[in-house]
Amino acid sequence: MAAPGGARPLPPPPLLLLLLLGFAHGAWATATFVVKDSNGTACIMANFSAVFLVSYETRNGSQNVTVDLPTSAKVLNSSSCGENASDPSLTIAFERGHSLTLNFTRNATRYSVQLMRFVYNLADAQVFPNASSNETRTVESVTDIRAEIDKKYRCVSATQIHMSTVTVTLRDATIQAYLSNSSFSEAETRCKQDIVSPTTAPPAPPSPAPSPSPSPVPESPAVSKYNVSGDNGTCLLANMGLQLNITYTQRDNKTATRVLNINPNETTASGSCGARLAALELRNQKGMVLVLQFGMNASSSRFFLQEVQLNMTLPDAKEPTFRAANGSLRALQATLGNSYKCNAEERVRVTQALALNIFQVWVQAFKVEGNRFGSVEECVLDGNGMLIPIAVGGALAGLVLIVLIAYLIGRKRSHAGYQTI
């Protein structure tokens, strides 16, 4: 929205935007949700307010809408206290087919919301006017919501959970699972947003980082073909092998590096198509979720790998839930209508803790005609590879030329040494 007077202000950051929208919509009204077992004993209690910022497609392009979690929301029967070896879960339903699910897990000392899932129904025209689809969408993400056993999680500050096309903001949250007395504990674990860092104590001197523990390097990953289609046909076509390079802290405080191949035979692929976003989502039965999101620049008519998200569990890590994301990448670029191809291994640095290694990539986003790759734009790495034989050939040719010139000069001088009698 343009500002009065013609000057266009910088867009507010997502958290500020959600706060402003929350006040405008009268959000932040908290509600209490309880899950009980078959004996009527409470095992999960949660009290919080939530606002959902959803990006969806209309016939006129992308549009954002905010959805408030109403105080009339109800706990569904699919919620569970974790019977039959399953993990506890809280599912809250509201309006016309929308729901929020919190899946809990625990170890010996603490519990956490391992996964948050949001389901929204685009057929709800009151919430999603002029939506180009009437399907029900599901997005999910790991979270930083965790507390010690027999303590409640408490977070007054606004907390954001990003889920692809949806951003969930919780505020004034009190959450506890694995209840021991059917009510919130007096003791609590505060979220890091609520904790003010002390300013009086001098900062501790930095300690040298331990050397990463080497891990065996696996063979190159298998190359697989991925196809993401929407209402208007294929929006993403890719052939590539994917490899994760993860650095993390183990339970003994040693730094370790793991290199993991994405096995196409153990991975389920899905995705979504938008006017300016095309996403490929890969997940396996171990809970790994890898999202590659391609964007486009309409002014330069180019597409590129814009964002990489990874959520997975590392059993030997100090923080078993590993999450990394970067939405400001500019990798695998090519002109719209063309394809990007690279036989050499490409390394995309996502964060300090994660690098994505891509092998034999051939990708095209958005303008994909006839489900086939368009004209190829070669990567710089492949071009550099061709320079080596060219340089060697040029050097050999130059050497032959120098020898030939030296030979001719030598012959001329030898003839000049004789006189006619």
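Start with strand S2: with 3 residues, S2 gives the most to the lining of the largest cavity. Strands (E, at least two residues) and helices (H or I, at least four) are DSSP runs, numbered from the N terminus. A cavity is a set of points on a 1 Å grid over the protein atoms alone where a 1.4 Å probe fits but cannot get out, and lining residues have an atom within 4 Å of a point.

This is a predicted model, in which local features need pLDDT of at least 70 and side-chain atom pairs count only at pLDDT 80 or more, while totals for chains, interfaces and linings use all residues. Residues are numbered from 1 along each chain as its sequence is written, and side-chain values use heavy atoms, with hydrogens and water left out.

**Stop 1: the cavity.** Select Ser-55, Tyr-56, Glu-57, Tyr-120, Leu-122, Ala-131, Ser-132, Ser-133 and Arg-137, which line the largest cavity. Its volume is about 40 Å³, where a volume is the space filled by probe spheres set on grid points joined across faces, edges and corners. The count of cavities of 30 Å³ or more is 1. By class, the lining has 4 nonpolar, 3 polar and 2 charged residues. Here Ala, Val, Leu, Ile, Met, Phe, Trp, Tyr, Cys and Pro count as nonpolar, Asp, Glu, Lys and Arg as charged, and the others, Gly among them, as polar.

**Stop 2: Gln-63.** Move to strand S3 (residues 61-68), which holds Gln-63. Gln-63 is partly exposed, at a relative accessible area of 32%; buried means under 20%, exposed over 50%, and partly exposed in between (1.4 Å probe, protein chains only). Not counting residues up to four places away in sequence, Gln-63 touches Val-54, Ser-55, Tyr-56, Thr-58 and Pro-129, contact meaning heavy atoms within 4.5 Å. Draw a C-alpha to C-alpha distance from Gln-63 to Ala-131: the two are 9.0 Å apart in space and 68 residues apart in sequence.

**Stop 3: the cores.** Next select Phe-48, Phe-52, Phe-104, Phe-118 and Phe-128, the residues that touch the most other members of the largest nonpolar core, which has 47 residues. Strand S2 (residues 42-58) supplies the largest share of this core, 8 residues. A nonpolar core is a set of buried Ala, Val, Leu, Ile, Met, Phe, Trp, Tyr and Cys residues joined through side-chain atoms within 4.5 Å.

What surrounds Phe-118, leaving aside its neighbours within four places in sequence? Its contacts are Phe-52, Val-54, Phe-94, Ser-99, Leu-100, Arg-137, Thr-138, Val-139, Met-163 and Val-166.

Stop 4: Most residues other than glycine have a negative phi. Leu-332 is not a glycine, yet has a positive phi of about 55°. Leu-332 lies in strand S22 (residues 331-335) and is buried, at 4% relative accessibility. Ser-301, also not a glycine, likewise has a positive phi of about 55°. Look for Ser-301 in the loop between strand S19 (289-297) and strand S20 (302-313); Ser-301 is partly exposed, with a relative accessible area of 32%.

**Stop 5: Arg-110.** Select Arg-110 in strand S7 (residues 110-121). Is Arg-110 buried or partly exposed? Arg-110 is partly exposed, with a relative accessible area of 23%. Beyond its neighbours within four places in sequence, Arg-110 is in contact with Thr-105, Arg-146, Ala-147, Glu-148, Ile-149, Lys-318, Glu-319 and Pro-320.

Stop 6: Thr-267 sits in the loop between strand S16 (255-261) and strand S17 (268-273) and counts as buried at 17% relative accessibility. Leaving aside neighbours within four places in sequence, Thr-267 is in contact with Ile-262, Leu-282 and Arg-283.

Then select Glu-57, Ser-272, Cys-273, Gly-274 and Leu-277, which lie nearest the centre of the largest pocket among its 45 lining residues. A pocket is an open set of grid points with protein on both sides within 12 Å along at least five of seven lines. The volume of the largest pocket is about 1,300 Å³. Its lining has 13 nonpolar, 24 polar and 8 charged residues.

**Last view: the whole chain.** Of its 421 residues, 41% are buried. Among contacts with a separation of 6 or more, 55% join residues 24 or more positions apart.
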